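The questions below concern side-chain packing and charge pairing in one protein model.

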Amino acid sequence: MTRVIDTVHCDADAASSSLTGSALKGVRSVVAAPENEMKRWRRIFEANAKVVIDGEKYLDPDNFVNAIAPKSDSTKIGRAQFAILFRVADSSKRGLVSWDDFTVFETLLKRPDADYWIAFQYFDVDSSGTITFDEFKNVFLANVAPSAIPFDFDCDWVKLYLGRKNGTHVLGYNEFTQLMKGLQGERLRQAFKYLDKDQDGFIRPEEFKQIILEIAGHKLSDAVIERLPTLCTLTPSGRISYSEVVAFQNVIREMDMVERILREATAKSRDGRIDQSDFLNHSAAISRYALFTPMEASIIFHFAGRGSREKRLALLDFAQLLDPQWRAPHEVLEANEVSPKASLLQGVLKSAYGFVQGGIAGAFGATIVYPIDMGKMQNQRSTVVGQMLYKNSIDCAQKIFRNEGLMGFYRGLGPQLIGVAPEKAIKLTVNDLVRGRAMDPETGRIKLGWELIAGGAAGGCQVIFTNPLEIVKIRLQIQGEAAKLEGAVRTGAANIVRQLGVVGLYKGASACLLRDIPFSAIYFTAYSHLKRDVFHEGYNGKQLSFLETLGAAGIAGMPAAYLTTPADVVKTRLQVEARQGQTHYKGLTDAFIKINKEEGFKALFKGGPARILRSSPQFGFTLLTYEYLQKYPWQENKPEVKTALTTPKRDEMSRIRARNALKILLDVHGDFGRRAANFSHPLVKQAHPTTSSSKTA
């Protein structure tokens with residue numbers, strides 16, 4: 001069984017190296033495991049243990065990989081390579097992992113330094129707590145193919161890391177961690193020297209590719225690997241210098257920092273693109289010392305720009321460098337290709353569903369705020385000369401409730417809900433359509449002018465449905481009070497439509513356009529910038545929460561609603577059927593002049609606060625509903641760069657540490673452990689017949 005008691009290392013201090021203290025520490029570590037954690041380990045073990053010997057279950061190498069490998073991974077590490085870790089878990093070297101072995105291995109993964117600890121145990125063949133020179137050399141050679149670039153184990157660099165114990169060179173744990181961290185650099189130096197036959201400081205492009213594939217191939221996408229030889233184009237010689245090889249290795253080693261700089265720099269850029277100067281400037285601004293040299297920056301932009309170093313690049317251009325699993329867009333399209341008939345049917349269904357989305361979202365938002373809309377409309381109505389109908393919005397609400405009861409706040413809701421579906425569908429669809437056409441496909445950015453045009457076009461198109469809808473709604477809303485005060489007979493929506501006719505339904509359309517075009521232009525632009533600039537949607541893969549989406553949609557409606565209140569007041573006056581004693585308006589200009597002259601400039605903003613209280617939550621809930629409905633069943637897959645930095649950590653920390661331990665071993669050589677993964681211990685071959693008989697029995 002793998003050591004529960006920590007091993008005493010030659011480089012440990014005396015206070016912490018006592019056998020008793022180490023034993024107690026190891027036992028406490030196991031005993032301290034919470035019960036729910038042990039149950040989870042048991043569930044994983046029972047689900048994967050397929051080998052049964054004398055009634056006891058065991059994990060063979062394949063099932064062990066299923067138990068400990070991360071379910072989702074943004075690297076190129078194959079699941080089969082996780083079998084390397086089987087050797088650490090199989091402390092008895094019998095080719096099987098028992099429940100006790102698995103428990104100790106999972107406990108080991110809880111260590112904050114589990115990645116280096118596992119690597120150390122892999123090299124510590126005799127479980128002595130130290131690694132001798134021969135152990136290090138033999139394990140290295142056993143896991144590297146004979147065709148690999150040779151490594152000189154007698155070099156001064158290795159000797160500098162070795163201590164001495166009883167006349168034997170050994171490595172303690174702490175020394176081993178530092179050796180592994182610097183091993184790649186030494187391998188790079190030795191490989192370059194080995195391939196530079198004439199010692200002129202240059203190697204051929206194919207030789208450079210061979211070096212990188214051996215020490216870092218698992219960290220690069222296939223597209224970058226194919227273009228590795230093109231690094232020679234940075235200099236006129238057509239060959240690659242040692243400085244360029246080291247610079248490329250530094251870029252790979254600091255790829256997480258490269259990604260952070262690229263994401264932050266492109267996010268702050270006005271056009272979502274950066275050049276080499278922007279990269280170096282942002283790098284200098286966020287660090288105490290220079291992180292990257294001009295040569296390293298040139299290499300980054302060389303591979304991202306596919307050899308073109310002059311143009312400004314978007315974050316999407318760097319995807320092939322940042323994401324080891326990156327594939328060219330045409331490869332993704334070919335993999336997801338569907339038949340023309342299926343594609344046409346899917347397009348029709350998607351378009352129809354888009355209209356349903358707008359209808360559901362609009363109806364939901366309208367229902368929530370309809371009582372506020374009723375109060376706003378009544379407060380904006382024309383006054384009888386010398387008489388004020390309502391003092392304010394609160395007085396208006398009180399009189400509606402006194403005259404008509406609670407249902408009075410929802411009078412006219414039916415036609416509103418019937419008309420809101422096509423209205424919202426057109427508004428949201430047109431805005432998305434224009435924005436999609438004007439948007440930079442690589443950066444996802446759209447110029448401010450086009451944002452305003454997209455919103456304005458959406459507002460203009462919706463008037464086709466908005467104007468008839470609102471004139472019917474307004475006349476239904478004022479019937480309640482008229483019936484109460486004047487004894488008038490209430491009529492339905494159908495009678496109002498017949499009375500007005502087609503032309504009458506578009507009375508006040510000019511004012512409606514004057515309101516809806518600027519409203520939508522302001523609203524959709526503000527909503528987009530609030531999501532991106534205030535709540536930082538998309539930054540490092542961030543997705544807005546429920547409250548953040550609702551907040552952005554609600555806040556965007558405030559300036560849009562209040563600034564367009566004058567047009568809304570005029571529209572209401574033109575669409576309300578004027579009674580005796582009320583002012584009559586000939587048109588848009590006449591209404592503006594008379595309202596300003598008779599009631600003052602402030603009258604143009606009557607109902608402004610109520611309009612904010614209505615529009616802000618209405619569009620907040622409408623856009624919130626629309627955003628969530630868009631995710632199902634056809635969620636738009638926007639082009640983005642997904643890496644370990646942005647991918648949600650769905651796996652347990654233990655699985656992540658197991659993967660990181662494997663990365664340390666793969667840094668020795670890209671094929672490290674492949675031969676070990678195919679190795680089968682003799683005991684396993686003997687155990688399987690027992691398994692079959694056990695299951696049969």
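Contact here means heavy atoms within 4.5 Å. This is a predicted model, in which local features need pLDDT of at least 70, side-chain atom pairs count only at pLDDT 80 or more, and totals for chains, interfaces and linings use all residues. Residues are numbered from 1 along each chain as its sequence is written, and side-chain values use heavy atoms, with hydrogens and water left out.

Q: Is Lys424 buried or exposed?
A: Lys424 is found in helix α20 (residues 413–438); helices (H or I, at least four residues) and strands (E, at least two) are DSSP runs, numbered from the N terminus. Not counting residues up to four places away in sequence, Lys424 touches Gly358, Gly362, Thr429, Gln618 and Phe619. Buried means under 20% relative accessible area, exposed over 50%, partly exposed in between (1.4 Å probe, protein chains only). At 3% relative accessibility, Lys424 counts as buried.

Q: How far apart in sequence are the parts that Asp667 and Lys219 tie together?
A: A salt bridge is a side-chain nitrogen of Lys or Arg within 4 Å of a carboxyl oxygen of Asp or Glu. Asp667 forms one with Lys219, the closest N and O atoms being 3.3 Å apart. Asp667 lies in the loop between α28 (653–666) and α29 (674–677) and Lys219 in the loop between α10 (205–216) and α11 (222–226), so the parts tied together are 448 residues apart in sequence.

Q: What is the relative accessible area of Asp317, the salt-bridge partner of Arg273?
A: The side chains of Arg273 and Asp317 meet in a salt bridge (4.0 Å, N to O). Arg273 counts as buried at 16% relative accessibility. Asp317 is also buried, with a relative accessible area of 6%.
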